[in-house]
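Keep the sequence and the coordinates open side by side.

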Amino acid sequence: MSQESSWSWIQDSITEDLIEDLIEDLGARVFVILAQLIGLTSLIFVGIWMGSYAGGFAWQSDPDLEFNLHPLLMTIGIIFLYGNSILVYRVFSDVQKLKVKILHATLLALSLIIGSVGLKAVFDSHNLAKPKPHANLQSLHSWVGLGIVILFGLQWLCGFISFLYPKLSKEARSFYLPTHKFWGITIFFLAVANVLMGTMEYATELNAFSTYKSHGIIVNVFGICIILFAILIIYILTERSFERVKPDGDDDHITLMNVRNGLNDDESRTPLMDE
Ligand code: HEM
């Protein structure tokens, strides 16, 4: 190959790689923005549902209306914020690892706090009901829901101790990371299934599908948005072409595949829901 043709070959391949990277980057951004739009639409719809069709909001002064905070806060906390917190390693793959870890833990803590207020609202609405309190934890939704919040709390604590403070050794972190990822995704999946169960339970109780046509439509659109949001989050997490090369100097960056193969992660890409 002449010097001229090898130079043009290098130029072509650099351009091709660059264009390919740009397209992948753009693809990831489009899906992340789409997930935000759909997630926000689900919040608007559950807000309209609880605010207009289910009677509005109150705190302990009106236990029936206090209940309406439960679906809204659970969706904000355990679906929207949780879903976004497991995306941060993808969205900020070029930001220093420690900062992303802190963001991940902070968003999850916020999600857990908002979810806990949502739980308090539903327990209050049962315990303070007039003329007499309603029994707690009767339905499948309530059992699964309590399980999710307990698992979430444990997962947060184990993650914090292992990856942030006091922070385990590199070997121990690598050993625990696949378990952390597994439970992170499982909790999200269970939360999505449980929101759909709770939605059907409340919509049936309110006769949403037989009173006004619009009531049923609001409920259905909310449910579809939750499903689409979950599909997008899982897609962004699992699509390999959205994984990007780790930033320089991130010494504790371990991929799921490398952990399994026992390899050094020097040439690894940003992993699926990182530590
Ligand atoms: C991941 C999110 C959610 C979790 C973890 C969760 C958890 C719970 C728990 C633990 C209870 C039982 C409270 C008690 O027995 O006093 C409950 C009750 C209830 N939730 Fe949820 N919930 C979630 C989302 C939703 C949503 C989005 C709706 C409706 C749109 C909903 C509707 C209900 C209803 C109707 C009850 C009362 C009846 C029952 O105890 O099953 N929940 N929820």
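Among contacts in the protein between residues at least 6 apart in sequence, what percentage joins residues at least 24 apart? The share is 74%. Keep in mind that these contacts come from a predicted model.

Start with the overall fold. The protein has 9 helices and 0 strands. Along the sequence, the pattern reads α-α-α-α-α-α-α-α-α. Of the 275 residues, 32% are buried.

Next comes confidence. The average pLDDT of the protein is 88, and 85% of the residues score at least 70. Residues 248-275 fall below 50, although this stretch has 52 contacts in the model beyond near neighbours in sequence. Where pLDDT is low, the predicted coordinates should not be read in detail.

In an unreviewed entry, it lists residues 30-52, 72-92, 104-123, 143-165, 177-197 and 217-237 under "transmembrane region". Two of these spans can be set against the model. Residues 30-52 are 100% helix and 0% strand, with end C-alpha atoms 32 Å apart. Residues 104-123 are also 100% helix and 0% strand, and here the end C-alpha atoms lie 28 Å apart.

Now take α5. This helix has 31 residues. From its first C-alpha to its last it reaches 44 Å, close to the 45 Å expected at 1.5 Å a residue. Its buried residues include Lys97, Lys101 and His104. Also buried in α5 are Leu108, Ser111, Gly115, Gly118, Ala121, Val122 and Ser125, among others. An α-helix has 3.6 residues a turn, so residues three or four places apart point the same way. What covers the buried residues of α5? The cover includes α2, α3, α4 (88-91) and α6.

Between leucine 65 and alanine 121 the sequence separation is 56 residues, yet the C-alpha atoms are 9.3 Å apart. Alanine 121 is one of the buried residues of α5. Setting aside neighbours within four places in sequence, leucine 65 is in contact with Gly55, Gly56, Phe57 and Ala58.

Follow the chain out of α5. Most residues other than glycine have a negative phi, and most peptide bonds are trans. The loop between α5 and α6 holds proline 131. A cis peptide bond joins this proline to lysine 130, with omega about 5 degrees. Leucine 137 sits in the loop between α5 and α6 as well. Its phi is positive, near 50 degrees, and leucine 137 is not a glycine. Is leucine 137 buried or exposed? It counts as exposed, because it has 11 C-beta neighbours inside 10 Å.

Then comes α6. With 25 residues, α6 reaches 35 Å from its first C-alpha to its last, close to the expected 36 Å. Buried here are Gly145, Ile148, Phe152, Gly159, Ser162 and Phe163. Those buried residues pack against α3, α5 and α7.

The loop between α6 and α7 contains proline 166. Tyrosine 165 and proline 166 are joined by a cis peptide bond, with omega about 0 degrees. Lysine 167 lies in that loop too. This lysine has a positive phi of about 75 degrees. Lysine 167 counts as partly exposed because it has 14 C-beta neighbours inside 10 Å.

Finish at the ligand. How many residues surround it? The shell has 26 residues, and the closest are Pro71, Ser139, Ser142, Gly145 and Gly198. Gly145 is also among the buried residues of α6. At least two shell residues come from each of α3 (69-85), α5 (97-127), α6 (140-164) and α7 (170-205). Which helix gives the most? That is α7, with 7 residues. By class, the shell has 13 nonpolar, 12 polar and 1 charged residues.

Terms used:
Residues numbered from 1 in each chain as written. Predicted model: local features only at pLDDT ≥ 70, side-chain atom pairs only at ≥ 80, totals over all residues. Near = placed C-beta within 6 Å. Helix = DSSP H or I, 4+ residues; strand = E, 2+ residues; numbered from the N terminus. Nonpolar A, V, L, I, M, F, W, Y, C, P; charged D, E, K, R; others polar. Expected span 1.5 Å × (residues − 1). Buried ≥ 20, exposed ≤ 12 C-beta atoms within 10 Å, placed from the backbone. Contact = placed C-beta atoms within 7 Å. UniProt positions renumbered as here; feature names shortened; annotations may be inferred. pLDDT = per-residue confidence, 0-100.
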